[in-house]
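Colleague: Hi! Could you walk me through this one in plain words?
Modeller: Happy to, here it comes.

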Amino acid sequence: MRTNLSVEEALALVLAEARPYEKTEELPLREALHRVLAEDLSSLVDHPDQDDTAVDGYACRQEDTLLARPEAPVRLRVVGESPAGRPFLGQVGPKEAVAVYTGAPIPKGADAVIRVEDTRREGEEVLLLAPASPKDIRPKGDDLKRGEVYLKRGDLLTPARLGLAAAMGHPRLRVYRRPRVGILTTGDEVVEPGEPLPYGGVYNSNAYTLMGLVAEAGGEPVLLGKAPDDREALKERLKAEELDLLLTSGGVSMGEYDVVRRVLEEEGEVVFWKVRQQPGGPLLLARHRGVPVLGLPGNPVSSMVTFFLYGRPFLFALLGRTDPPYTRLRATALTPFKGAKGKKVFRRGILSFQEGLVVRTTGNQSSGVLRSMAVGNALVVLPEDQDKEAGQEVEVIPLTFVL
Ligand SMILES: Nc1nc2c(c(=O)[nH]1)N[C@H]1C(S)=C(S)[C@@H](COP(=O)(O)OP(=O)(O)OC[C@H]3O[C@@H](n4cnc5c(N)ncnc54)[C@H](O)[C@@H]3O)O[C@H]1N2
Ligand code: MOO
């Protein structure tokens with residue numbers, strides 16, 4: 001077992017646990033939002049499927065219209081119309097025009113379009129007050145070319161990408177199944193909200209913060225409740241759930257892991273324990289029957305921060321996601337931030353934009369103060385042995401994308 005690792009060493013070991021993940025399913029478009037594509041997607045069509053018009057107006061031959069001016073309009077005969085969805089199938093000859101509507105194919109023979117605002121209609125004729133031009137023609141394949149790959153395996157299906165998949169003609173998409181992430185609570189003092197709080201008791205908040213973070217990271221949270229006192233019962237429980245990652249909360253500070261630790265020892269191995277960081281110093285990585293286990297420290301802030309910094313990147317790596325698990329920005333500190341000797345520190349801050357990015361502290365930075373995570377929207381990263389004063393630049397990791 002390794003111990004006292006740097007954040008970077010610990011993250012590398014966690015990511016090394018991400019084995020190729022092959023669990024996929026096919027979903028209709030309407031169910032695929034925020035899932036991750038499991039295959040490259042190429043377009044089944046050209047879009048537009050032929051040259052079409054980007055404006056309402058008249059399609060004609062440019063050479064007929066070159067001299068058109070408001071004082072000397074050019075007169076063309078309107079031989080038909082081509083609304084979107086009902087294309088004009090004839091030919092546009094010299095001195096002829098076809099009324100076209102945005103999205104309609106350009107009829108054969110025409111090579112230019114004039115906007116309706118630059119024309120005057122007189123019965124079967126149209127007067128052009130300016131020359132027609134090809135600039136409002138969208139060439140075939142301008143947006144999508146048949147056979148070309150526009151979405152990649154590992155791409156998160158955002159609303160725009162879901163629309164793009166639809167535009168390419170795909171009714172169903174092969175996506176990764178959400179990795180199943182077990183959340184196991186430990187601690188005799190921990191009780192469920194709704195139960196009476198015993199002397200020295202604490203309500204279980206970690207199960208719910210972790211449930212939310214797992215879902216946000218694309219996983220399927222599997223709430224396993226509190227670790228039973230009985231080793232065999234815990235083994236059966238874990239076997240039945242077929243997990244891709246197991247999170248435990250609490251009981252890691254002095255390596256006393258009770259039932260959980262003994263099950264891990266009997267059926268698995270501990271890869272590392274303790275990282276030079278705060279909060280989250282006592283983080284533990286283990287393996288249990290091929291499933292990586294992150295032993296998250298019980299303090300509410302520590303369990304959230306360690307999941308965000310290690311669990312979330314693990315899930316992204318597992319699915320080969322093309323977007324990063326989090327971003328790093330630089331902001332000006334509005335308040336001082338205290339570092340720690342020999343440890344990388346992650347303070348909670350409120351990040352906002354005031355001519356530039358600025359960040360201020362959420363107040364009490366104790367690992368037991370969950371409010372700091374609820375009020376804050378970013379982690380302020382302090383390298384080992386470094387305090388930051390107000391006015392200095394700091395590294396920040398946004399926790400949400402709403403500032
Ligand atoms: N002698 C030492 N004591 C501690 C050390 C140390 O190095 N030496 N490390 C401290 C650090 S740092 C942390 S973080 C915590 C980690 O503790 P554990 O992972 O062992 O967690 P617990 O002791 O079980 O609980 C800590 C704290 O969190 C509360 N808790 C636990 N589970 C939940 C839950 N599901 N929901 C809400 N709150 C929970 C628990 O009541 C405790 O207050 O250890 C330090 N101690
Ligand atoms: O490292 Mo512990 O996570 O401060 O509270």
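**Around the ligands**

Modeller: The shell around ligand 1 has nine nonpolar, 15 polar and one charged residues. Here Ala, Val, Leu, Ile, Met, Phe, Trp, Tyr, Cys and Pro count as nonpolar, Asp, Glu, Lys and Arg as charged, and the others, Gly among them, as polar. This is a predicted model: local features need pLDDT of at least 70 and side-chain atom pairs pLDDT 80 or more, while totals for chains, interfaces and linings use all residues. Residues are numbered from 1 along each chain as its sequence is written, chains are lettered from A and ligands numbered from 1 in the order in which they are written.

Colleague: Which residues come nearest to ligand 1?
Modeller: Of the 25 around ligand 1, those are Asn206, Gly250, Ser253, Pro297 and Gly298. A residue is near if its C-beta atom, placed from the backbone, lies within 6 Å.

Colleague: And what surrounds ligand 2?
Modeller: Its neighbours are Gln278, Pro279, Gly280, Gly281, Pro297, Asn299, Ser302 and Ser367. They divide into two nonpolar, six polar and no charged.

Colleague: New topic: in what order do the six strands of the open sheet come?
Modeller: The order is S8-S5-S7-S6-S10-S9, with mixed pairing. Strands are DSSP runs (E, at least two residues), numbered from the N terminus, and two of them pair if DSSP finds at least two bridges between them.

Colleague: Why is one side of S8 and of S9 left without a neighbour?
Modeller: S8 (112-115) and S9 (119-122) stand at the edges, so each has a single partner strand.

Colleague: How many bridges join S6 to S7?
Modeller: Five, and strands S6 (residues 74-82) and S7 (residues 96-100) run parallel. Val78 has Ala97 in S7 as its bridge partner.

Definitions and conventions:
Helix = DSSP H or I, 4+ residues; strand = E, 2+ residues; numbered from the N terminus.
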